[in-house]
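Work through the exercises below with the model open. Each task comes with a stepwise solution.

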Amino acid sequence: MEDLEMEDFGRTEGDPTPTNPRFPSPELLSIIAQEMEFVEDGDSAITIYINLRKVYRQNPPVPEGFVTSDEFLRNISSEKRSDFLDLAKKALREKDWKDVVIHATELSWTAEFVNRAALEGLERHVTQQMAMMRNFAPFCTIVQSSGMGKSRLLDEFSKDHFLIPINLREKRSQGFPPADVTVRDFLTRFDNKDENMQEKSYSRACHFLFSLFVCTKDTITTLGADNKKDRIIQFREFMSEEQRFGDAGKKRKNFYAGVVSQAQKAIDNRLETPSEEKLLGAFETLQGCVCDGTSLNGTRRLVDVFISFDEAHPSSFISCVSLFVFFLSTNGKISQFVPPHTRGPSNRILQRTFCTPRPFIELGFDQLMSNRKILDEYKTLEQVTSLECIAHMGRPLWGTMYDHGDEKVREHLLFFAIQKLLGSPIVSADTRHKRYAVLSQRLALDINTASPIDAEATLEQIANHMCVCVEIEEGIGTIRGVVTSELILSEAASHVMREQFDLADALSDVLSGFSIHSGDRGELLVAAFFIWARDAVMLEKPRLLQSFAVTSLHTPSISPSKAKQRTFGEVASSANMHFNHFTRSREQEFISRQYLIAFIARGAAVLGANCQPDFNAVFPYLYDSTDLDDKNVGFIIVQVKNDSKFSKPNAELFRKIDPFECGLLVESDLDKSSGRFPIPIIRIVFALRGKQSTVTPMSYSSPSEGANPLRFDECEEPRFTSYDYWCSGIGPDLLQPVGKADWKWEALLDSPDGWSSLYNCSPAPNALRSQFPASSR
């Protein structure tokens with residue numbers, strides 16, 4: 001567990017902000033809560049405030065956020081008395097919640113480390129980077145969104161490699177691991193208006209490194225270990241002893257106080273900036289003290305000394321043969337560590353003589369599920385929808401909180417996920433970036449990062465909205481972030497959408513504001529229909545298929561002659577669906593029945609891969625059972641047409657989504673005794689350009705109209721049972737929960753593509769078109 005911010009806890013929707021003097025700020029309430037054992041009425045809370053106000057006025061500075069104005073006191077002493085009481089009680093409850101979370105965070109740091117793949121990958125990455133002679137310097141960034149385990153990975157790394165950890169967490173942020181305040185303040189102390197700021201910052205950094213090497217060597221000598229392995233272990237224990245949430249241990253604080261004091265003394269005495277030779281000499285002395293002529297890694301020698309800057313900002317460092325520096329960050333401004341070659345400050349980068357080191361992003365998912373295997377530990381739909389299972393899927397943040405927190409932590413885990421998704425302790429989707437974060441968790445949206453503006457948008461999503469970084473090209477000319485299947489965040493997004501969203505308006509805003517790989521626009525709208533329908537029926541817990549606007553007495557459109565003829569209503573009542581988001585398959589072959597059980601376990605419906613033929617989406621379900629067993633899996637196949645030529649029911653489209661033809665079913669899925677697929681399936685074609693909003697059950701003169709006869713059995717009968725529906729237009733008759741604002745959806749469907757919009761906004765569209773010869777009309 002890592003990168004937990006104190007600001008993530010404590011504020012909820014509707015909480016006051018410091019900008020409104022009529023209400024107490026969260027910071028003020030937090031201070032009052034520290035003084036309260038129990039609040040009986042408004043007067044006791046006000047008395048505490050008055051006493052603190054007097055103390056702070058007489059003994060400045062006043063803590064940030066603590067309002068001391070007379071107007072504020074008059075407000076809370078009169079008409080705002082009851083509000084102040086409620087908020088004070090709430091602050092006290094949240095203080096207790098914070099204490100519990102802090103304890104869970106500290107305990108989680110000592111839990112068994114299970115992400116061996118990432119640890120081994122990091123070692124290989126360092127080896128590869130050190131072997132690349134064209135790298136500009138021996139460093140790399142470890143870049144990933146919050147909660148992925150960056151800090152814990154390096155702590156585990158430091159058990160086998162000598163690492164000097166430095167945490168530069170910002171001033172207003174308490175968290176774990178705690179900030180090294182003395183170092184942060186020293187390295188960030190500069191004047192933007194100073195003409196010599198860059199030179200002075202470089203000198204400050206060099207003095208710091210020299211002092212760091214000297215003090216680290218002295219500390220190792222004092223600890224007195226006999227060999228390199230013991231020195232590594234002792235130094236790690238020395239630097240982590242007594243560290244707590246928001247507060248480094250006494251030994252570590254004293255160590256960095258000594259480092260900074262020595263560096264500051266050199267600056268105050270106006271000593272020359274340590275030369276490269278002097279720095280190298282200090283480092284080699286430290287290196288000799290660490291290694292004592294030995295190498296822990298034997299013939300596969302890695303690096304002798306590492307430095308890590310957690311919550312990092314750019315700093316100067318030196319190229320040494322056996323020194324390697326890590327920068328850890330969720331910061332969207334990754335280019336401050338890894339500038340693109342076109343913006344590098346050195347001609348050697350511009351000319352590609354040197355290249356910037358590749359960041360490390362491979363931290364992985366689902367590590368905490370290694371001992372909780374689906375189908376072994378969790379065997380039913382009820383079990384995979386439990387909080388225990390959901391919390392251990394995805395990044396380790398949720399599972400470590402679940403494992404080391406009490407019932408109060410678990411009870412508030414979903415609310416915490418909402419705050420992390422929105423990147424704010426205030427639960428409000430009040431910006432386009434927040435709305436995108438919510439929608440992308442549900443609909444598998446993907447920003448096209450071809451332009452610098454969209455690349456910045458992706459960086460914002462990675463830094464503040466839990467998007468996962470999956471690719472950074474050399475010099476971050478291109479960065480790609482995706483929203484992967486993470487059930488707890490999708491459920492968090494669902495809560496936000498139910499409380500605060502007009503879905504059509506939010507989609508319109510996001511699609512107009514970002515260049516999004518939304519695939520076919522019609523596919524996106526149909527996915528949104530299903531998500532909206534799912535959320536609506538969740539309020540009353542019926543089955544989603546029972547909300548579909550068709551008569552429950554419909555019989556199959558295609559069925560073997562001897563198969564039992566169930567009505568659609570009977571099928572709908574037996575289909576157990578579990579999905580709260582869409583995920584897009586990256587490879588076509590993974591959309592087949594043998595893999596659908598995995599999508600069910602993750603609560604996901606699956607969108608077709610790029611260039612997927614014949615269908616757009618698949619919704620798996622368990623039939624007549626909630627056991628996670630392949631033999632119980634059925635599915636809905638959805639095809640979307642956004643073309644006015646498909647205005648009437650078209651049997652040929654259903655024939656193309658024959659489940660055998662499109663790879664969803666294979667021979668091994670058939671019942672051995674009957675030679676048929678025993679579970680009924682549902683096929684739906686959405687013809688969104690239809691003039692009337694209707695749902696038409698398909699009826700065929702023969703099964704070969706709606707299924708490929710080449711796939712029939714020896715008796716020339718289909719080998720599956722299907723209920724087929726043609727859905728025309730956009731309106732409340734398609735899905736019963738989606739019963740309002742159909743004109744908004746039509747507007748979304750009709751919204752122009754990027755080129756059309758470009759021409760429409762131009763004062764001279766024909767002249768603009770002429771600038772694209774042979775490619776525009």
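**Exercise 1.** Find what Leu-439 touches, not counting residues up to four places away in sequence.

*Solution.* Step 1: apply the contact cut-off, heavy atoms within 4.5 Å. Step 2: list the partners of Leu-439, which are Ala-444, Leu-445, Met-497, Phe-501, Leu-503, Ala-506, Leu-507 and Val-510. A nonpolar core is a set of buried Ala, Val, Leu, Ile, Met, Phe, Trp, Tyr and Cys residues joined through side-chain atoms within 4.5 Å. Buried means under 20% relative accessible area (1.4 Å probe, protein chains only). The largest such core has 121 residues, and Leu-439 is among those with the most contacts inside it, as are Trp-398, Leu-443, Leu-507, Phe-582 and Trp-745. Helix 22 supplies the largest share of this core, nine residues. Step 4: note a second, separate core of 38 residues, including Leu-212 and Phe-327.

The model is predicted: local features need pLDDT of at least 70, side-chain atom pairs count only at pLDDT 80 or more, and totals for chains, interfaces and linings use all residues. Residues are numbered from 1 along each chain as its sequence is written, and side-chain values use heavy atoms, with hydrogens and water left out.

**Exercise 2.** How are helix 20 and helix 22 oriented to each other?

*Solution.* Step 1: take the helices as DSSP runs (H or I, at least four residues), numbered from the N terminus. Step 3: the axes of helix 20 (residues 487-500) and helix 22 (residues 521-538) come within 11 Å and cross at roughly 80 degrees. Step 4: 65 to 115 degrees counts as roughly perpendicular. Helix 20 and helix 22 are therefore roughly perpendicular. Step 5: helix 20 makes the contact with Glu-491, Ser-494, Met-497 and Arg-498, and helix 22 with Ile-531, Arg-534 and Asp-535.

**Exercise 3.** In which sense does strand 11 pair with strand 10, and in which with strand 12?

*Solution.* Step 1: strands are DSSP runs (E, at least two residues), and two strands pair if DSSP finds at least two bridges between them. Step 2: strand 10 (residues 581-584) pairs with strand 11 in the parallel sense over four bridges. His-581 stands opposite Ala-604 in strand 11. Step 3: strand 11 and strand 12 (residues 617-623) pair in the antiparallel sense over two bridges. Leu-607 has Ala-617 of strand 12 as its bridge partner. Step 4: check the side chains of strand 11 (residues 604-607). Ala-604 and Val-606 point one way, Ala-605 and Leu-607 the other, and all are buried.

Terms used
Axes fitted to C-alpha atoms, helices over the stretch in contact; angles between N-to-C directions. Parallel < 35°, antiparallel > 145°, perpendicular 65-115°, else oblique. Buried < 20%, exposed > 50% of the residue type's maximum accessible area, 1.4 Å probe, protein only.
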